[in-house]
Amino acid sequence: MQFYNHITSDANFIMKLFISILSLSVLTESAIKTWTDNTNFDNFNNWNLKRIPKESDVAIMTDSEMAIFMPKSLIVKELLLPVNGMLVFPTNGEMRLSESNLPSEDITFIGGRSSYWYDPKNWNVTSPEAINVVGDKDSFPIPHSEQVPCQQDDIIFPIDTTFRILFDVIPLQMRSISINGKLLRSSNVRDFLTSDMGKLLFVNPPDITLTEDLCNNPSGCACENDKPQIKSKICIYAAPKCPKPKCADPITPQGHCCSICGSSIILTYKEGFTWNTMKQLFLMYIKKPEFQSVQGYISKTYDAKIQMIFTDAGREKGLAANLAGNIHAYLQQDIADLKMYNLTSTTLKVSSNWYSGDDVIPPVSQSLQGSAGKTVGIILAIFIGAAILLALFMMYKKRSILRIPGFAFARFDSDGSRIEVELGTTPHAMLDPSSSSILPVQQAEDKGFDNPVYDKSMTSLENQSYIEEITEGKISKTTETRENPMFMILDEDGESSDLVKY
């Protein structure tokens, strides 16, 4: 036993050493947030008619002052401009006013009216902490608080675009800003923001600070947009657009403005915890082939906790719950025995009650079978019980209507001159012995049967009768076969049948 404990101790030491080396070998990467909205002239969403002006149109651009990136070639009938603004033409761009005789139509520029910094829909997220995250943002595991720029993020405004961003008064901090391919440094950010172009692109910006350094905290760096003050600003824009969850038990991870169908794990840690080590565990599980349709995200919250979020991106629902359950079970074992990750607690939340539809729902792992499974079992038991009661009731009603002979009662009467056997469904007149004596079995099946008390024949359950005759103290046995109507169910035509058809 001591030798075994020694080996186990050495194995744990080697594993801890491996994890420590691995955590030092992984560099922390920053996320990239790219601005998606623009005030470009050739963006049809920027016009009230949802199309680009034609050569016979009157293009009206007088509503607001902004910078507008123009197409390489522009031909319109008229162009109405604001008093202050800027048209940004590409190299060798041209603009002409046409003399078209076609009927003219007014078309108004409406772009840049709702381009808020804290609106998650205006940002595209590229993050090393986001795995398999593609497609519609409705199923994103990334919290809304981290879909807008965080303090360690690189911000990019694409080339050949103009924009108009509206801000709040909260100061901003980020790693870098790139505008039209030019990277701004801390020393020239303020100069740009106060320039004529900067004032048109950034409307009343707050103080913006560039850190220019990656996170160097071993336990990870928090985005801090999930602080109540900042999150409330973000949810003003995100919450009204929340889709209806497709499950009955959605969760709301920290930083999310909407309830989602997915799974989350919250970890608390102690001294010695390393962010990169936990991230490697996260990657090891989510990159397994069976979880390739699961989207995942790992981050550190403002209150110094680690949060993992998983959602199902494919038709197969419940894989995110299974994945989270597997990680949670492993980390609970680590807290109890191995203690390699320096965790103090782990909390699991899952969505397991999906609404019916075309989606495929696989079995949930054993680690998730708890109160939810008991609740489902109770509901199923109630439905099954109700179905059995309904079936019994219908059988009773049908038997009452059809008067199945198998449920009839027999009454034996004797008036001294005849023997009468009356079935509950058989009239008295049909039981007259004078009309039913010594008939073949096939002709007498629906008229009664021989009573062994008044006859020498005795019918057994197996249709095989042994008739005993006592002669001079000796017993002799002969075999005779007869049909017993009390053990047969007769159909309406008088023919025997083994089944009753309803």
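Modeller: Two strands are said to pair if DSSP finds at least two bridges between them. By that criterion, in this predicted model, strand β2, which covers residues 58-60, pairs with β8 in the parallel sense over 3 bridges. Within this pairing, Ala59 stands opposite Ile107 of β8. The two strands belong to an open sheet of 3 strands, ordered β5-β2-β8 and paired in parallel. The edges of the sheet are β5 (78-80) and β8 (106-108); each has a single partner strand, so one side of each is left without a neighbour in the sheet. On average, and with direction ignored, neighbouring strands here are turned by 20 degrees against each other. In general terms, the strands of a sheet pair through backbone hydrogen bonds, either parallel or antiparallel.

Phe202 gives a view of the packing: leaving aside its neighbours within four places in sequence, Phe202 is in contact with Phe157, Phe163, Ile165, Phe167, Ile179, Phe192 and Leu193. In soluble globular proteins, nonpolar side chains tend to be buried together.

Helix α5 runs over residues 275-286, and its 12 residues reach 17 Å from the first C-alpha to the last, close to the 16 Å expected at 1.5 Å a residue. Of these 12 residues, 10 are buried, so α5 is largely enclosed by the rest of the structure. Phe282 and Leu283 are among the buried residues of α5, as are Trp275, Asn276, Thr277, Met278, Lys279, Leu281, Tyr285 and Ile286.

Helix α6 takes up residues 319-338; its 20 residues reach 27 Å from the first C-alpha to the last, close to the 28 Å expected at 1.5 Å a residue. Its buried residues are Leu319, Ala320, Ala321, Asn322, Leu323, Ala324, Gly325, Ile327, His328, Leu331 and Asp334. Just after α6, Lys339 takes a positive phi of about 60 degrees.

There remain the disulfides, of which the structure holds 5. With bonded cysteines counted along the chain, they follow the pattern 1-4, 2-3, 5-8, 6-9, 7-10. Three of them may be described individually.

Cys215 is buried, at a relative accessible area of 15%, whereas Cys221 is partly exposed, at 30%.

Another disulfide is formed by Cys242 and Cys258, whose sulfur atoms lie 1.9 Å apart. Its S-S torsion is about -80 degrees, so the disulfide is left-handed. Both cysteines lie in the loop between α4 and β18 (262-269), so the pair ties together parts that are 16 residues apart in sequence. Cys242 counts as partly exposed at 28% relative accessibility, while Cys258 is buried, with a relative accessible area of 7%.

A further disulfide joins Cys247 to Cys261, with an S to S distance of 2.2 Å. The torsion about this S-S bond is about -105 degrees, so the disulfide is left-handed. Cys247 and Cys261 are each in the loop between α4 and β18, 14 residues apart. Cys247 counts as buried at 2% relative accessibility, and Cys261 is buried too, with a relative accessible area of 11%.

Note on methods: Residues are numbered from 1 along each chain as its sequence is written. This is a predicted model: local features need pLDDT of at least 70, side-chain atom pairs count only at pLDDT 80 or more; totals for chains, interfaces and linings use all residues. Side-chain values use heavy atoms; hydrogens and water are left out. Helices (H or I, at least four residues) and strands (E, at least two) are DSSP runs, numbered from the N terminus. Axes are lines fitted to C-alpha atoms, for helices over the stretch in contact, and angles run from 0 to 180 degrees between N-to-C directions. Contact means heavy atoms within 4.5 Å. The expected span of a helix is 1.5 Å times one less than its number of residues. Buried means under 20% relative accessible area, exposed over 50%, partly exposed in between (1.4 Å probe, protein chains only). A disulfide is a pair of cysteine sulfur atoms within 2.5 Å.
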